[in-house]
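Have a look at it first, then read on.

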Amino acid sequence: MKGALVRTTARACFLGLVLILVLPARGQGQEDRRLKPGAKGQICLECHDAFQEKLARPFLHTPLKNRECSSCHNPHAASHGNLLAARPEQVCQRCHQDVAPETARSVHQPARDGQCMTCHDPHSSNDRFNLVKPASALCFDCHKDLAARVASAKFPHKPLQDGCATCHDPHASSGAARLLKREAPGLCLSCHSAATASFSRSHMGYPVAQSRCTDCHDAHGSSQKAMLFDNVHSPVAKRMCRQCHEEPTAANPLSIKKDALELCGTCHAATVADAFAKKSLHWPLADRKSCLSCHNPHAARQKPLIEGSMLETCGKCHSDTMRRQQSSLVKHVPATSGDCAACHEVHGSDNAFYLKGASNIELCGSCHNYQHHSSHPIGEKVIDPRNGNLTLDCLSCHRSHGSEYQYLAPYDHTKALCLQCHEQMAR
Amino acid sequence: MSSNRHLILAAGSALLAGIAVVASAVTLRPVLSVYDDGAGGPLREPAGVACNDASVLVVSDTGNGRLVRYVYEGGSVKQATQIRLPQLTSPRHVKLSSKDEILVLDSKARQILHLTREGALKGTIGSGRRPAAALPGPVSFDLDARDNVYILDAYSRQVLVVDLAGKRIREIPLPGDGGVFTDLTVDAGGGIFLLDPAKGTIYSASREAQSFSLLTEGLRQRASFPGRITGDGRGLLYIVDEHGGAVLLLGTNGAVHARSLGFGWTNGLLRWPSQMCVNGKGEAFIADTANNRVQILELIQ
């Protein structure tokens, strides 16, 4: 009995030892033994013959070059399109982890959203970095406004011919906004030396090396000499810096000679006087920065020297209005296009809401002529039933900065709007 | 249940935005709307209201270029008197001194007019540095319990404190972050609360402080354009949401207690409201500018 137990134990130990030694060896060799040669990729090309054209391109993605289709694709089944082994951005991130680090100051939206294939062909390309198009053409596919400006510029910026990546990092920038490799002036000064006589002469001897070049120059080219923004303030165009600034040899040469309001008012006296004659002055004019709150005194892309678009400039304070417009299902064109001044007096107004003219009926009527043929009664003689101190006008039923509802109405359907006043019609 | 969930969600989003929210049953209940000057003349775009504990209510009837002085007692307005002056063409922010004298900021003259309680001109109050005609003038002002005037002067980037005779007492520089400061209020202890609607922030400075410090931020998560501020001397601040037609009620520590009222035409709703005043009796008055009326409300706690 005892001998049988010893034999059984010894047999079990032997079998265990065999299993320990043999099983890993079987696992290791299993793949090689079961897969045909080239099964990781070469064999795929036997069926996917359209890849011959891709393989002929000069820039091949490394996995394809190594015929390792299974690096990205699952050859049997997958939960993702094109038999991808994971979500597309996850597949890319297996090798390209640090494309858009979380600490970056600015990140390109496709990189942030994991839309790598917006710009890259995952197999091969005729262009470096497997781009789906030549670099500049690719960028301009989305940045169409910029493309139009670049195309029409009489004075292009030469680095742009080498591609946007000369100044921008296409994925993310760790140290600068707008994907710039460095902020201005550092980036600009890497090509343009501030130490030359011509640089000093161009800037009338003023020490601008530490100023932000892009306050005056359009880095994408313009139709003004020296690539100044297309709208140049007259004293700048005439090189009359000293009209506003201290002498270049002064202790603070870039300081302006007077307060902005007073300084601007020496030439723009009529504009200032007109604003000051109104019942309400727009807040920026009451501030120390005054005109410079909204205008660039040197050059700007927008007329009349507006700093940025009106959506950006007005939106600095009126972000709620911009947000309302953007999120509205029904939009008002002047608000969408940032033409705030189409309806509003921007410096000062006699109207409590800075509207142009005494009545919004006239103002709206300058674009909409409904009141001449098919309007609900409106005007000074038509009392608003909701409030005897109001008369009916366009804003009695419409919201001018966009609405969730049809016809820019403030309520969810016509009935709710009409019943505000016509309660007796309710059923 | 649903309203509780909304309250929790609102509190959560406000906390994320940096605002403390206090669960507190405080709100404003509409009592009465004032539509005319007592003689049948309608109010037009009123932009200012002043009140006190002695039942005096003064309205800047801005669109008509006049002030109207009322007595509000027993739930009704009476003894309406209109005040017209050549210097008064666009009256806006208005305050009452401890002696019932009227101080009003005229946005066209761009100066603060000092009137007797009957409405006769006593003088003007300003920085006195340059002729008012050449300057944008004060943005807003308030009075403390000693009738010192706190002038918000964005052009000089400071709050200037003067007495009623115009004698300079002190000045506090505005926070140096390029803010858009539209209004201020002074509490009973001389503490100043300064409002920046663009950033949605309130700064405060105690009676002896030499500078402002941030009290709260993220108000734009709770209000479209928090453009006006006032206090009630009892620990509450009222922020008028000019674009949203509502009022935020805050503690003087910056914690939000409630959002009250809403946008609309009927009584109890507001369209582009401006100045608000709350007296010691818990009566609140709002210049409901685009509705051409003043609304009287009751603070419910």
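## Ground rules

This is a predicted model, so to speak with conditions attached: local features need pLDDT of at least 70, side-chain atom pairs count only at pLDDT 80 or more, and totals for chains, interfaces and linings use all residues. Residues are numbered from 1 along each chain as its sequence is written, chains are lettered from A and ligands numbered from 1 in the order written, and side-chain values use heavy atoms, with hydrogens and water left out.

## Where A meets B

On the chain B side, 36 residues touch 34 residues of chain A, contact being heavy atoms within 4.5 Å. Together the two chains bury about 2,900 Å², 53% of it on carbon and sulfur atoms; that is the accessible area (1.4 Å probe) lost on being put together, summed over both. In chain B, B:Tyr155, B:Arg220 and B:Trp265 lose the most area to chain A, together 25% of what that side buries.

There are two salt bridges between the chains, counted when a side-chain nitrogen of Lys or Arg is within 4 Å of a carboxyl oxygen of Asp or Glu. A:Asp287 forms a salt bridge with B:Arg157, with the closest N and O atoms 2.3 Å apart.

## A helix in chain A

Helix H7 of chain A spans residues 135-142, with A:Ser136, A:Leu138 and A:Phe140 buried, meaning under 20% relative accessible area (1.4 Å probe, protein chains only). Those buried residues pack against helix H8 (144-152) of chain A. Helices here are DSSP runs (H or I, at least four residues), numbered from the N terminus.

Conventions:
Buried < 20%, exposed > 50% of the residue type's maximum accessible area, 1.4 Å probe, protein only. Helix = DSSP H or I, 4+ residues; strand = E, 2+ residues; numbered from the N terminus.
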